[in-house]
Amino acid sequence: MTEILRIAVPLTAWLAAFSAVYGLHGLVCSERWDAAGLDLAAGRIAMTAAWAAAIAFQVVLLIALLSPRFASGSAFVRGVSLTLAITALVATVWTLLPVVTTSACL
Amino acid sequence: MNALRRHRQLERIWASRPGWCGKLTTVNNNDIGLMFLSLAITYFVIGGILAMLIRAQLATPRSVFMGPEIYNQVFTMHGTIMMFLFAIPLFEGLTVYLLPKMLGTRDLAFPRLSAFGFWCYAFGGSLLIFSLLAGIAPDSGWFMYPPLSSTLGSPGINPDFWLLGITFVEISAISASVEIVVTVLLYRAPGMSLDKLPIFAWYMLIVAMMILTGFPPLILGSLLLELERAFGMPFFQVGAGGDSLLWQHLFWLFGHPEVYIIFLPAAGVISTVLPVMARTTLLGYGWIVAAAISLGVLSFGIWVHHMFTTGIPHMGLAFFSAASTLVAVPTGVQIFAWIGTIWKGRPELHLPMLWILAFFATFVIGGLTGVMVAMVPFDWQAHDTYFVVAHLHYVLVGGFVFPMLAGLYYWLPHFTGRRRYFKLGKTAFWLVFLGFHGTFLLLHWAGLLGMRRRIDSIESGSGWELINLIASISGFVMAIGFALVLIDLLANAVVAVRGPRNPWQAGTLEWAIPAPSPSYNLASIPEVHSRNPLYDVPDLPLRIARGEGYLGDPGRGVREILTVEVASGRPSSLVIFPTNTALPIVMAFVTGGLFIGMLIKAYWLVPVSILIVTMLAVWWAWSLGSRKDQGPQPVGHGLVLPLASEIERPPGWWGTLFLLIANGVFFGSLLFGYAFLWTVAPNWPPPAWLEPYLTGPLLALGGTVLALGGIRFADRALRRDAGPWLGLLLSLAGLAALGSAAATVLVRTTHNAHAYDATLWVIAGYVLFHAAVAGIMTVFLALRAAGGYLSARRIGEVRVVRLWTDYAVTTALLGLGAAWLPGVLT
């Protein structure tokens, strides 16, 4: 099962981060955010921080999968898990890029 | 023992009973697979007839062929049948039939579950077809958007057929997925490590995981909408704190992965058939596996691209637009790997190859228009027009139907044992291919000219008349083509001459089996050393028949099968499978009572059905296991393995784990819905939050300690060969306390007062239900212990109940915590 986890974790982490940032975006644009005394700038900072944390987590995962301690002993699983870790890193950067490039709540 | 004698003995052990009764009681993967395939094709014919009715209606302006009421039912049922009753069951059937053979095993992991899934599909589908014949079919579109589908827009029974019938059918998809995941992970030929899995098995593993995580949001949405319709719980009614957008989120959380759930099995067929047609091996196996996994997961991050016109802020649109463009990359990787496979091989233009080429031509166009609608500004123009209708048919017909036809023609000699003799197939191919493009290519233009989806007639002078006339004529040409395909398949299956076992010279294990397949699939289980075992050992079929593999001696007279370690493929245990039984069909029938009770508002039938289903489930589980430790058993080649019932994590434990993953997604979707309403719904906060009180949290905390501690105490006692009674009693008391904690939420809220109260009712009901299930399982465990079915070695059942108890406790803490938190904070 460890081999399956090596393959499954990176993209699952992307999905979790993507959903979490989308949820955070919903919260930032809601009345609840105003009611808590927070403004849009704070929202932008929160979303950017979440994005940065997601990227950092993916980088750590990639390094871990490259390291002898966590890398798979099977060449096939090692190849697939690294490909997927790179995919997840690219996906995290690309799909959440809008947090710094587009208007938040228009 | 010679091969013939072995065959006769194995047939006696594995075959279903003779006659029609055999079909009702069979649990054999060959029977169930063929039954799935036959019924799915029947539904395809029905869905196709409905499509022809649609094209007849739209062939000429202001047509009076159908009124709007009937037309709405026809297009709703066309989409519903094709998506739920045809596409998914078709690949399930193919998988149920083929997967064990490809993996080098004798059946799927849980044969009775296969049969139960089939009967749920058959009964659930029948409900929908009945509604169609009775003129009370669902009529709100296959996506069932409220308020059109709620009592405000559809006060009749029509949407209830959809919500309940489809949920009933989805039991089948979830059952099949649990089966497929556990089978691919554990039930393989020895030596078949992950890098040697047949590529189709990888695809189906991914698809099954997608079903387990993609279907629960829809099941939840259907449940919530049905609760709203039946009991006035206003989840989707804005005036009472609900939001109809919640439905769209839940539906498309399922709906977009669904597109890939349908495409990926077809991609698995292409990856299997194409190399054989090209006389080579698959180029980039590892890349294809990585691309398929990427596609499977990325497809869960693009559901909002179906909601670009709902007023979501730009940033949200940009997230999903970016993700939508990203899925084109792994799709492209697969397409290029297939083109590379053709390039490096020596392709032969047999009929399966023709269908694959038709797939390329059609699916690439569908993919490109998909990238177009992934662009927000374009989607705003094209949304809800025939451009989208044309796009989705290019993707689904090109990406699913054509490859599956390639697969059906490819495996036809394996299904029938006959050589394709009649040549209608090529004529049929051209009629379907040309008819399809004649129908849908021009409809892109109709959409760009402004023709809206779901309209029941077109106006003269709209500029769409000629396009629709051509589309309708082409549609009928396509229908004639599909009819010829069916005639061709039937003729070749029934009256063609006998053919060789492996006419395509393929390398995968299903071609090592006599055709048509015997009930036991493999006379002995071979050891494999590559992805194409038949290329390594050409006389492997003979060796298998001679019993030179594992389990070649059927002397014990029971259905035997091996499990392997997930990664390495080393043999790990011996499983004894259950025999033919009417239990699955009876249980599916009684489960149907639950849905029919809701449908006809005979609510007394619901608890009665639940009670009988519970009794049947206990009977089901009771028939497994043994009263004494049997120790390791010989399986051939000098290897001795423990029985699966005598290991800590038997296949049932893995099945439970994956079922609970699906269940966890359901629960997560429920919490998402709660958070969505709290954040977005206009009429929030509710008039009053649930007031803080101590009884509930104290019961929950006490229950947690007792339930978790008790089941572990029982486990430890059994491992010391002591009685588990005290531990089980403590666990039962803990679960009762958790249930009581949930009940305190129910008595403090009114189910239909506000969407907040309604949500709390569902959360508390969920916790109560799971505490009850874990409680029943704990009582069952006590009875099993008393009956002598548990021991230090036979501990697997305790581990299954422990898993359920842990799950019940975790979801109770999360759910009840979410219910109490707003009251505490304010």
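## Close-up views of a predicted two-chain model

**View 1. Crossing of helices H8 and H14 in chain B.** In this predicted model, H8(B) passes H14(B) in a left-handed crossing. The two elements are helix H8, residues 244-277 of chain B, and helix H14, residues 386-416 of chain B, whose axes come within 9 Å and cross at roughly 40°. An angle under 35 degrees would count as roughly parallel, and at roughly 40° H8(B) and H14(B) are therefore oblique to each other. From H8(B), the residues B:Val259, B:Ile262, B:Phe263, B:Ala266, B:Val269, B:Ile270 and B:Val273 take part, and they meet B:Val395, B:Leu396, B:Gly399, B:Phe400, B:Pro403, B:Met404, B:Ala406, B:Gly407 and B:Tyr410 of H14(B). Sorted by class, the contact of H8(B) with H14(B) contains 14 nonpolar and 2 polar residues, with no charged residue.

**View 2. Packing of helices H9 and H11 in chain B.** Helix H9 (residues 285-298) of chain B and helix H11 (residues 328-344) of chain B have axes that come within 8 Å and cross at roughly 150°. Because angles over 145 degrees count as roughly antiparallel, H9(B) and H11(B) are described as roughly antiparallel to each other. The crossing in which H9(B) passes H11(B) is left-handed. On the H9(B) side the contact is made by B:Trp287, B:Ile288, B:Ala291, B:Ser294, B:Leu295 and B:Leu298, while H11(B) contributes B:Pro330, B:Thr331, B:Val333, B:Gln334 and B:Ala337. The contact of H9(B) with H11(B) has, by class, 8 nonpolar and 3 polar residues, and no charged ones.

**View 3. Packing of helices H23 and H24 in chain B.** Helix H23, residues 725-747 of chain B, packs against helix H24, residues 755-786 of chain B, at an angle of about 165° and with the axes 8 Å apart. H23(B) and H24(B) are therefore roughly antiparallel to each other, and H23(B) passes H24(B) in a left-handed crossing. The contact of H23(B) with H24(B) comprises 21 nonpolar and 4 polar residues, with no charged residue among them.

**View 4. The two assigned domains of chain B.** According to the domain assignment, chain B has domain 1 (256-518) and domain 2 (650-825). The C-alpha centres of domain 1 of chain B and domain 2 of chain B are 43 Å apart.

**View 5. A hairpin of strands S3 and S4 in chain B.** Strand S3 (residues 633-636) and strand S4 (residues 639-641) of chain B pair in the antiparallel sense over 3 bridges, with B:Pro634 having B:Val640 of S4(B) as its bridge partner. S3(B) and S4(B) form a hairpin that has 2 residues between the strands, and in the turn B:His637 has a positive phi of about 55°.

View 6. Most residues other than glycine have a negative phi, and most peptide bonds are trans. The peptide bond from B:Pro146 to B:Pro147 is cis, with omega near 10°, and B:Pro147 is found in the loop between helix H5 (111-133) and helix H6 (158-186) of chain B. A cis peptide bond also runs from B:Trp684 to B:Pro685, with omega near 0°, and B:Pro685 is found in the loop between helix H21 (651-680) and helix H22 (695-719) of chain B. B:Arg62, a residue other than glycine, has a positive phi near 50°, and B:Arg62 is found in the loop that lies between helix H3 (29-58) and helix H4 (68-103) of chain B.

**View 7. The contact between chains A and B.** This contact takes 36 residues from chain A and 25 residues from chain B. On the side of chain A that touches chain B, helix H1 (2-28), helix H4 (75-95) and helix H5 (98-101) of chain A each supply at least two residues, and H1(A) gives the largest share, 12 residues. By class, the side of chain A that touches chain B divides into 22 nonpolar, 12 polar and 2 charged residues.

Notes. Residues numbered from 1 in each chain as written. Chains lettered and ligands numbered in written order. Predicted model: local features only at pLDDT ≥ 70, side-chain atom pairs only at ≥ 80, totals over all residues. Axes fitted to C-alpha atoms, helices over the stretch in contact; angles between N-to-C directions. Helix = DSSP H or I, 4+ residues; strand = E, 2+ residues; numbered from the N terminus. Parallel < 35°, antiparallel > 145°, perpendicular 65-115°, else oblique. Left-handed = near helix turned anticlockwise from the far one by under 90°. Contact = placed C-beta atoms within 7 Å. Nonpolar A, V, L, I, M, F, W, Y, C, P; charged D, E, K, R; others polar. Domains from an automatic or database assignment. Pairing = 2+ DSSP bridges.
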